[in-house]
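This briefing goes through one protein model by topic. Look at the sequence and the structure first, then read the points below.

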Amino acid sequence: MKKLSTNNPRRLWYQDAIFYEVNLRAFYDSNADGHGDLPGLIRKLDYLRELGVDCMWLMPIYPSPRNDDGYDISDYCNIDPVFGTLDDFKDLLDESHRRGMRVITDLVLNHTSDQHPWFQAARADRRSPYRDFYVWSDTDQKYRDARIIFTDTEESNWTFDPVAGQYFWHRFYKSQPDLNYDNPEVQQAMLDIAKFWLDLGIDGFRVDAPPYLFEREGTSCENLPETHAFLKKFRAFVEAQNPEALLLSEANQWPEEVREYFGDGDEMHMNFHFPLMPRIFQSLALADRAPIDEILARTPDLPPGCQWATFLRCHDELTLEMVTSEVRQFMWEFYAPQPRMRLNRGIRRRLAPLLDNHPARLRVAHSILLTLIGSPTLYYGDEIGMGDNIQLEDRNGVRTPMQWDDSPNAGFSAARAEQLYAPVIVDETYGYQRLNVSSQEREPDSLLNWLRRIIHIRRLYTAFGDGTLCLLSCENPAILAYIRHNSNQTLLVVNNLSSQPQSFRLNLARWSEHTRAALLDGESGPSHGDFQSTLPGYGFQWYELSTNVS
Ligand code: NOJ
């Protein structure tokens, strides 16, 4: 029985927070121009609060040519006019804080847009002070051991720029030149940018793509010691500005490498657990907990003050980078049978279509997300089981307008349909006419109302956030059972990964003095010795084990 611990000496807000990823462009359009915006999001804050969201993560909000949906920034200290103004952003912070919610935004450290004035100056003049802000070479032969990330579009990490007369380095699209972190001025520029937003009152950053900051010959150019040294410096700087600010990092790496991003509790506060995510889907596909067990066995304990971020889906493809090629093939065949469903090394589908819109399967996936380890992150629209549009290019099919009601444009915008940044989903199953927030609010047992209730229950039990995790052995491989424990509570969770009813027996001898109180609508009872029961297909139960006789 492996125990995983987050070592929480004092309560830290992000260790039992519910995160929600907002695609601002897709959320709510307040001025009928076809794009979601900051005033629109402010109008929907009560909706998020009611869902139980503690912290919003906003995808990039900065001016950008949007070759990569804003992850190509051309001005770090401003708001893209399509989203509003800096004053609107301050209003968002005020209104969110007033409701007890926090706001973090994406901060793209690794690269800028090629439209950024730094890059424009750099390419135009070798003597420009900005030339050394980027990574140049006369050949495209350096750093050959670095992999290509956007395998479907990019053939090399080098692109020749005829204006500059040299090749420049980029780990993502060629319109996203990498910054040169060997240049202390680049490092300082990023600290200044962080200060700008922290001074406005932001609650932290989702740190985009941190593994790739430095390049060294003969390495994969990922996770280098120099990268960690800079991230520690960045953390110390951010903490000095605001000790409560959060750095949530996107290091898509194996657990051993991700562990390094927490440092000694002096680097990133949180990291997404990328390897766990596909294994939740794999375990559901196989009705077997082994993939989850194996990755948890490889998951290290965290230093004090740190936390995992867990998720089922996000704005990117469901990445299969952190699985073997055999598992990737299996996952593609199972979850992405049509070629258009695949992108790079992943799957561009939303949660509900991935799980066949099967209500019980969607719920057990959320039961795991909300209870297993870490702080859960929901992706906008998944709370109502929104669909996707795989005909759209790149990852745009999972970024369509939020479906608020059955009025034109799904209640997202009063613009003409052809003005929308992307078409709304109209298919028979997921079309906004039947699948929307308003109709789910009226239906007591909708996914939305069920999630509101279950998140509310989760919030009452701090051990789900910072408790140790102890996986329980069980003869039945379809049963995923575990104990979460902190100084306040001992919680037992049992999930059935199979579509069929499953019986199980768990040895609870260690908790023989306890009673087992159901947190959902299951049966309570004494917890002496063995706990034997049966769960329906994709059923699950949460219990508190306590010695209090009430
Ligand atoms: C990771 C982001 O999640 C993704 O959307 C983006 O394309 C890359 N980083 C490049 O910034």
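In which sense do strand β3 and strand β4 pair, and over how many bridges? Strand β3 (residues 55-58) and strand β4 (residues 102-108) pair in the parallel sense, over 4 bridges. The model is predicted.

**The barrel**

- The barrel is closed by 8 strands, in the order β2-β3-β4-β8-β9-β10-β11-β15. The pairing of these strands is parallel.
- From one strand to the next, the twist averages 25°.
- Helix α4 (residues 86-98) lies across both β3 and β4. The helix runs at about 140° to β4.

**Strand β11**

- Strand β10 (residues 270-272) runs parallel to β11 and is joined to it by 3 bridges. Met-270 stands opposite Gln-307 in β11.
- Strand β15 (residues 375-379) also pairs with β11 in the parallel sense, over 3 bridges. Here Phe-311 stands opposite Thr-377 in β15.

**The ligand**

- Which residues surround the ligand? They are Asp-68, Tyr-71, His-111, Phe-150, Phe-172, Arg-206, Asp-208, Glu-250, His-315, Asp-316, Arg-395 and Arg-399.
- Asp-68 has a polar side-chain atom 2.6 Å from an oxygen atom of the ligand.
- For Asp-208, an N or O atom in the side chain is 2.9 Å from an oxygen atom of the ligand.
- For Arg-206, the distance from a side-chain N or O atom to an oxygen atom of the ligand is 3.1 Å.
- The ligand taken alone exposes 300 Å², and the protein buries 97% of that.

**Glu-250**

- Glu-250 is one of the residues that surround the ligand. Glu-250 is found in the loop between β9 (246-249) and α8 (255-260).
- Is Glu-250 buried or exposed? Glu-250 has a relative accessible area of 13%, and buried means under 20%, so Glu-250 is buried.
- The side chain of Glu-250 makes a polar contact with the side chain of Arg-206, at 3.4 Å. The side chain of Glu-250 also reaches the backbone nitrogen of Ala-209, at 2.8 Å.
- Leaving aside residues up to four places away in sequence, Glu-250 touches several others, among them Val-207, Pro-210, Phe-272 and Asp-316.

**Two residues with positive phi**

- Most residues other than glycine have a negative phi.
- Asp-69 is a residue other than glycine with a positive phi, near 50°. Asp-69 is found in the loop between β3 and α4. Its relative accessibility is 7%, so Asp-69 counts as buried.
- Asn-344 is also a residue other than glycine with a positive phi, near 45°. The place of Asn-344 is in the loop between β13 (342-343) and β14 (346-347). Its relative accessibility is 11%, so Asn-344 counts as buried.

Key: Residues numbered from 1 in each chain as written. Predicted model: local features only at pLDDT ≥ 70, side-chain atom pairs only at ≥ 80, totals over all residues. Heavy atoms only, no water. Pairing = 2+ DSSP bridges. Axes fitted to C-alpha atoms, helices over the stretch in contact; angles between N-to-C directions. Contact = heavy atoms within 4.5 Å. Near = heavy atom within 4 Å. Polar contact = N/O pair within 3.5 Å; in protein donor to acceptor, adjacent residues only side chain to side chain. Areas by Shrake-Rupley, 256 points an atom, 1.4 Å probe, with all protein chains shown as cover. Buried < 20%, exposed > 50% of the residue type's maximum accessible area, 1.4 Å probe, protein only.
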